[in-house]
Amino acid sequence: MTAPAALARRAAPVFACIGLLAVWQVASLVLKNDSFPTAIEAIRAIPDILGDKESLINILASLRRMALGFGVAVLVSIPLGLLMGRSRAVAAFFNPLLMVIYPVPKAALMPIIMLWLGVGDITKTLVIFLGVSLPVIYHSFEGAKAVEEKMLWSGAAMGLSPGQRLVRIVLPAALPEILTGCRTGLVLALITMITSEMIARQSGAGNILFNALDMGQYDTVFAMIIIVGAMGICLDAIFERVRARLVRWSEPQFDMPLSFS
Amino acid sequence: MTSQLRSTSIMLGLAPIVLVIALWQSLVSFGFAPAVLLPPPGYVFSRLLQQLMTWTFQQEIAATLIRLFAGFAIAVVLGVSIGIAAAASPGINAVVRPIVRVLAPLPKVALYPALLLLLGFGHGSKITLVAADALFPILLSTYYGASTVEQKLIWSAMAAGTPRYEILFKVVLPAAMPSILTGCRIGLVISCIVVFLAEMITSTDGLGHVLVTAARTFQAVDMFVPLITISLLGLILNVLLGAVRSYLLRGFPEA
Amino acid sequence: MKVVPSRSSEWVKPVMPKKPASAIIEIERVSQVFQTSARKDHVALSDISLTIEEGAFVSILGPSGCGKSTLLYVVGGFVNPTSGSAKIKGRTITGPGPDRGPVFQEFALFPWKTVLGNVMYGPRQQGVRTTEAEAQSRALIEMVGLKGYENFYPKELSGGMKQRVALARTLAYHPEVLLMDEPFGALDAHTRTRLQNDLLNIWERDRKTVLFVTHSVDEAVFLSDKVVMMSKSPGRIREVIDIDLPRPRRRSELLLDPRYQKYVVDIERMFDEVDETGALL
Ligand SMILES: Nc1ncnc2c1ncn2[C@@H]1O[C@H](COP(=O)(O)OP(=O)(O)OP(=O)(O)O)[C@@H](O)[C@H]1O
Ligand SMILES: [Mg+2]
């Protein structure tokens, strides 16, 4: 590919952002709705939010819980998923349970868990943990299932124990799929975080959004949407970089990100 | 799989669910958790059955289902058509790809306040949110499926005299069907989740609203009922989609 | 066991007197250059000219990567040549059309259609009414020896059966030229010979023009009137050999025929030469 073409490709998402903001600007100018500020007004309100110490601390605290929930979920889910992928019994054991849990909105567990554990960090982190685990388990499971039997046979012939085979053969072979799961999980962590804050209405980005909505500060609502959106896009972009570096050997599957809710 | 193997694996699969319920029961029985916070499972399930019989609860389910299906249907129509178009035309691809790159990882639920402001607190905003969330997995898997259609299938159809635009419907769409249905499965689960959350955040009806009402009055039993209901709905819809899938993909290997 | 109809005598008609040869396909100075990802030009075909007469069975033989498939795709209209032109009956080829029917090594059957559905696809596309298309298709399926398999899906068939369906699907819309790209390449030796015999019977019956790409020298000699030997990169025609063997051909007789043996040996030797020069380049 030629250099200018490559440049255009990399810059395309930036143009897309600008284009979307422009569409927003025009739409709000045309609609002339009081509760629909223009893009420029919303962008102007961003510094106010980020300048406010309390909301900044709130947002950072949310992000810390998110990172913790995500990290623990990944550490637990990958081994479980890999085991399920390589052992029929383990898969048969866990699959139905996971199928039952899958359609339950994890953020909706917030009120119940709050009832038991209070509104502290543990509750919020636990909900994020639950939200992230399922896609990571699922993708690790699929990845491990797809590992070629012959690779494992040759591993066994070389004298690797079952545990060693799981770590030395299955894990690297399933890595592309696992990372796809982690990428989904990361966006999901953000979503769960915000949703649970919207439901619990205690603190954090989700809370700021709805407080502003209740108080009729529409600029702040839309500014917050931009901030949250930017967080999602940046997290995804960073993770994509890491992923591409880790699994350079594998064919790129999706060059567009997948997201769950 | 032999029937014996299958029944063993079903037994194995039921085991953890039974275990969870047993653990739940024993937590209550041995007094680790007060029944106000954790009602015993028998109580919860009888309450569920009782609720399912009442007209009001059925209406809550109906409200949720309407939003779920409307949003999901919009997502399927948009996702499949944009996905196919992006795979078929380089021009559309050049526009769609960067936009999708930006919008897919965006937490759609953050848009909900904006949707409320623009579309009001009724069905519209919730349906739009469901559609926005379910759209991307469907769009992406359609695109993936459509852009990896075996070139020689297309050539075979063209040689038999199929005009270019018909190729999209007669070859690309059916050939991408396995991938599209995978996307739909993900989109359906997402729809279940999102519709419930939207109803929890602001609503006057629907299963999510039932949960929030119960939470306000600390009725633990009534908090479990809508959660179990949405889980059952998700399972049933998944089974239905599975049936549609195995019918539509009857010719495909590994379907 | 399913018995494929033997080459019964009704299929083997006496040799028709050869019509005065008229060209059906003319390939004129065709070159095909691909751009590789490293921004380098890759010459797949260079300055190919070839005329194919109506009703002839022509095989293209050559080492892997010499551009056989590319040449076939140019005639099929699936790729446009970088320069030069290919003509069918005097008209320049600009795209695929039902006058040229491809049969690919990968079968390329529609997995969502049954055997009957696959074979009916072409006639339906040509506007033949459903009942009529179905009757024709059933007859064709029987002809390729798959009676009873009409409602099977491709995944339920063996490789050889899939290739029979692919052939029937193409024959169903009556193309004037068959373009076959290593159609038997993915099959085992036994199935391969059976399909070669069947193809020959079908061809001897209705004398369609066939352009047949293969790796196998015996296959080329056994089937063809003419063998086009290509040489490796950049793709050129090395030689065109007329195969002057009587028809109808029978495998058992031909294998003992010294003329057949000589063709095979000569062409095999030429193949080795072509491949070595390719390797040296
Ligand atoms: N779409 C393409 N882009 C770039 N190069 C191509 C493309 N198609 C074919 N080539 C190149 O053109 C050359 C000829 O390819 P072609 O497939 O025609 O060979 P072939 O003789 O059919 O080989 P084989 O016997 O292995 O099928 C090869 O070197 C191949 O790498
Ligand atoms: Mg080839």
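Reply: We shall take the ligand site and then one interface of this predicted model.

Me: Which residues surround ligand 1?

Reply: One begins with the list of neighbours. Here the shell holds Phe34(C), His42(C), Ala44(C), Ser64(C), Gly65(C), Cys66(C), Gly67(C), Lys68(C), Ser69(C), Thr70(C), Glu182(C) and His215(C). By class, these divide into three nonpolar, seven polar and two charged residues. H1(C) provides the largest share, three residues.

Me: Which side chains have polar atoms close to an oxygen atom of ligand 1?

Reply: The next step is to examine atom pairs. The side chain of Ser69(C) places a polar atom 2.6 Å from a ligand oxygen, and for Lys68(C) the distance is 2.8 Å. A polar side-chain atom of Glu182(C) is 3.4 Å from an oxygen of ligand 1. As for cover, the protein buries 62% of the 630 Å² that ligand 1 exposes when taken alone.

Me: How is the size of an interface often given?

Reply: It is often expressed as the accessible area lost when the parts come together. Between chain A and chain B, about 5300 Å² is buried, and carbon and sulfur atoms give 82% of that area. The contact involves 56 residues from chain A and 59 residues from chain B.

Definitions and conventions
Residues numbered from 1 in each chain as written. Chains lettered and ligands numbered in written order. Predicted model: local features only at pLDDT ≥ 70, side-chain atom pairs only at ≥ 80, totals over all residues. Heavy atoms only, no water. Near = heavy atom within 4 Å. Polar contact = N/O pair within 3.5 Å; in protein donor to acceptor, adjacent residues only side chain to side chain. Areas by Shrake-Rupley, 256 points an atom, 1.4 Å probe, with all protein chains shown as cover. Helix = DSSP H or I, 4+ residues; strand = E, 2+ residues; numbered from the N terminus. Nonpolar A, V, L, I, M, F, W, Y, C, P; charged D, E, K, R; others polar. Contact = heavy atoms within 4.5 Å. Buried area = accessible area lost by both parts, 1.4 Å probe.
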